[in-house]
Amino acid sequence: MKIFDYERIQEKIIMHEHKSGLKAFVIPKKGYNKVYATFATDYGSIDNTFISPGDKEQTRVPDGIAHFLEHKLFEQEDGSVMDKFSKLGSVPNAYTSFTQTVYLFSCTGVFEENFKLLLNYVQHPYLTDENVEKEKGIIAQEIKMYQDNADWRVFFNLLGALYEKHPTKIDIAGTVESISQIDKAALSKCYDTFYHPSNMIVVVVGDVNDEAVFKMIDEGITAKENPGEIKRIYPDEPNTHFKEKVEKNLAVAIPQFLMGVKDNSAVSGYELLKRKVSLEIILSILMGRSSLLYNQLYDEGLINQSFSTEAILEKSFGYTVWGGQSNDPAQVAGRIQEAIEKIHREGLDQKNFDRIRKAHEGRFIRGLNSPENISHSFIPLYFKGVNFFEQTKVYKELTIQDVQKVFSEHFSMTPALSVIWPMKM
Amino acid sequence: MRNSKNRVAVSKLHEKNGISFYAVQSDKFKTIQLDIFLIHPLQKEAVSENALFPYVLRRGCSRYATQLELALRLEELYGAGISAAVHKKGENQIIHLNSGFVADQFTSGNTNLFDEAGSLLLEVLTRPVLEEGLFRRDYFDQEKTNLIQRIQSRVNDKMHYALRRCLEEMCAGEPYAIYEDGDEEGAGTITLEGLMARYRKTLAESPMVVFISGNVNDKDTGRFIDKFSGLERDCNKSFYKSQVTKDVAKVRRIEEPMDVSQGQLCLGFRTQVEAGSPDYFPLAIYNSILGGGVQSKLFQNVREKESLAYYIFSRLEKFKGLLVACGGIDIKNKEKAEKIILEQMEAIRHGNISDLEIEAAKKSIETGTKSMQDSQGGMIDFYLSQLLAGDDDDIESFLDKLMKVEKEDVVRISEKITPDTVYFLTSLSGESTGEGSRNE
C-alpha cells in the first residue's frame, strides 16, 4: 500500500497493487454520502487492430466493438446486472471513450455488496449469439441519435479533417454497418485480450475504509497469470492535417464550427500532463474570456457564449480544439490565425501567463468537489502514466518559457475547420 | 436508512423586504457559492425582458465596465466565476445569478475572496453600466441577438426539443407553454427603455431568494447580507402557484417533420397532483417505476425486451403536475413504441407492480436525494424547489415520506394520470431512412 499526499489541495490517494497486476486506488472524500466506484480497462475505440499476447498474427476487429462489449457486459447468465444494482439502490453505468472502457456505480449505502458486484460482473462476460444480435437494434438507435446531434457531428468531422488514418476519426460506437459484423467470437477475442487485470484499474472515490476496499480487491479479483504485452497497432499518421475544411448540413439553427490543431508530441506521463496544462493556458491567453480576441469577436457578434476551448492529449494522438456558434466561421478562423501569428512574433506576455495560470489552478481546485470529475480525470491520465493530482505540481512548476516552447511547436500549422451549416430549406 | 452524520445543514438566516437568505453550511466542499434567485410568474409580456436583462447585467458593472475587465478581475480571484441564467420551474421564471470561487484556505496571501466576489456579484446585479440612465446600447443589441440565437438553437438538441415541444403543445394557452427564454417574436420587440423599466421592476418587486453555501463564518455572512440593505425594494408578493388541475377532453396528436434520421416520441400526461400535496410522494414513486431508471418498466420493455430504443425514460414536471414519457426510436416503430409505453402504464394501473419494483424505485430516489447533498448546486436546487412548492420538508422528512409509500398509493395515483398529448418528431418523408445510409 502506498499513500500519495497532496497537501496543497487537501487530497490524497491510497494505492494497492493486486498480485495479478491490477492497481486499485482509494481517493477519500470525507463527509460525502456518495461513493463513486469505477472498474476501468485501458481499451477504447481506437484499439481496433492488435496482436494479442501469444498470437503471431494481428487481429482487425469491426469498428465500435469496444463500445459494443461495454453494452454486453451488463448481461449475465442469471439476468441483467443492472437489476441487481437496482435492488441495492445504486446507479450503475458505463462508458467507452477513444482509449478506455469504464464500468461504474454510485451508491449511498451497502457499498460492499455493490462493489463486489462490480468486480464480479466485469470479470464474467456472458455472450451468446442471441444476446449479441439483440443489442444491435439498441446500439443502432444510439448511433442514429448521434447522427442527428450537431455537436457530435461537427466534432467528428473535425477529427476527419485532422486525421487521415488514425482510428480516432471513427465514431466510438461505429456505424450501423460495422456493428452488424460484430459477433460473439470477435467480442470474446477483445475481452480476452484487453480485460486482463494487469490492463485494468479500480478507483473508489468516497468516504470509505481503504483497507476494506483492498481486502475485497484481493478476494474479488481472479489472479490470472500475466499474459504479456498487448501490441496495439496504429497506422502511420502524417504530421500534417488531412483536410483544411469539412462542411456538412444538419437541422440546426445557427452554423456550428470547430477548429483544431494536431499535436504530434506523442508524450506520456508527467510530460503529457504538463503539456496539456500548457496548451490549456495557451488557449486561454489566445482566445479565453479575458483575451482581446474573444471580446472583439463577441462584441462584433461573430461568436457567442457557446464558444469554448479544449486540449486533448493521448499517447497516440492529440489536438487543441475550439469553437461554438457563428454566422461567419471563416472570418473567425482568419482572426484566430492572425492572433496566433501575433504571438509567434511577439511571444507570450508574463502578466497574462501568471494571472491565467492562477485562474486555471483555482478552477482545477473547484473541480475537486465532484467525485465524478475526479474519477473521470484520474482514469485516463493514469493509463497515460501520470496521476491526476500531480496537476497541482504542474501549476507550481510551469514557467512561461515552458509554455512558450509548447506554443511554438504546437501552433505551427494552420488550424483545420469543421462547419455544420443549417439545412437549406 | 438515514445517514445523519453527513448532513449538510440548511438554515434560514434572515428575511427582509421580500429577500430571504439561506445558509447551506458544510465544510466538505472546497468552494464557496453564492446564488441569487429572482422569481417571477411566467407572463408573455414580461418573459422576454426578464430573459434578457440578466445577460446584459453579466456584460459589466460600474467598477468593471466591460466583459473583458470583469474576466481579468475574476481570473485574479483564482478563477472565480460569475454567471447569469434563466430557468423555469412550473409557471415561474427564475432569474439566477451565481458566483463560485475557492475557499480561502486554497488561496495564498490574505485575499478575502468571499468579500470581493460577493461585492462583485451584487454590483453585477444592482450597478449596471449606464448611459443616460439606460443600459449601454451595444450591450443591449448584442445580447438581444444572442437571446434570439439561443431561442433558435433549441432545435439543435432533438431529444430536449421534442420533450419541450410536447409540453408546449400540451399546455397551449396556459402560462406553462411559455419558455423561460420566451419566443423569437417577443425577443424581437424588446426596446432598450422597456428592458430598463422591466429590470428595475423585477429587481424591486419580485421575491428574491439568496443562498450562501460552503464553510462561511457568521461575520462574513452578516456583511454579505448587509450589502442588500441598499436595494430599493417594494415586494409584498409571495411565489406564484402554478395551475395544476385540468380536464382533458381529447388526446391531441402532433407530428412535426424535420431533417432527422431518428424519431423522437413524447407522450404527455396530466397527473392532477400539486407539488406540495401528499400525493406527490406516490407520484414520484410511480414515475420511477414507469421510467425512472434501468429497473423501470419502460427501460426493461422498450429497450431491453424489444430493442426499440437506446434512451427511454419518463419525467415529472413537479410544479405543473405533468408527466412525459420520451424515447428516441426508428420512425417505423412509432405505433409499436407508443403501444408498449401505454401498456406499461396500464400494468401499473392494474397493480402489476412487484415488490422489487417498489423497492428499487424508493432506493433509486433515496440514492439520488442523498447524493445531492454532495453537491452545493444540488442542495440549492432542492431547497429552492421546496420553497416554491410551499413544502417545509427537509431532506430527511422528504425521504421519510417517500419511504412510507405503499403499492396501493401508487395504484391509486395512477388513476389520476390522464393522457393529454402525443408528440412525434419525424423525418421529412415520415419514413425511416435506410439503415446506415447517413453514415459518414
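The legends below describe views of a predicted model.

**View 1. Packing of helices α10(A) and α11(A).** Helix α10 (residues 292–299) of chain A packs against helix α11 (residues 329–346) of chain A at an angle of about 160°, with their axes 11 Å apart, where axes are lines fitted to C-alpha atoms over the stretch in contact and angles run from 0 to 180 degrees between N-to-C directions. That makes α10(A) roughly antiparallel to α11(A), a term used for angles over 145 degrees.

**View 2. Residues at the contact of α10(A) with α11(A).** On the α10(A) side the contact is made by Leu293(A), Gln296(A) and Leu297(A), and on the α11(A) side by Val332(A), Arg335(A), Ile336(A) and Ala339(A), contact meaning heavy atoms within 4.5 Å. By class, five nonpolar, one polar and one charged residues take part in this contact of α10(A) with α11(A).

**View 3. Overall fold of chain B.** The secondary structure of chain B comes to 15 helices and 13 strands, counted as DSSP runs (H or I, at least four residues, for helices; E, at least two, for strands). Along its principal axes the C-alpha trace of chain B spans about 60 × 50 × 45 Å. Of the 440 residues of chain B, 62% count as buried, that is, under 20% relative accessible area with a 1.4 Å probe and protein chains only. Among contacts in chain B between residues at least 6 apart in sequence, 81% join residues at least 24 apart.

**Notes to the views.** Residues are numbered from 1 along each chain as its sequence is written, and chains are lettered from A in the order in which they are written. Local features need pLDDT of at least 70, side-chain atom pairs count only at pLDDT 80 or more, and totals for chains use all residues, while side-chain values use heavy atoms, with hydrogens and water left out.

Notes. Angles under 35 degrees count as roughly parallel, over 145 as roughly antiparallel, 65 to 115 as roughly perpendicular and the rest as oblique. Ala, Val, Leu, Ile, Met, Phe, Trp, Tyr, Cys and Pro count as nonpolar, Asp, Glu, Lys and Arg as charged, and the others, Gly among them, as polar. Buried means under 20% relative accessible area, exposed over 50%, partly exposed in between (1.4 Å probe, protein chains only).
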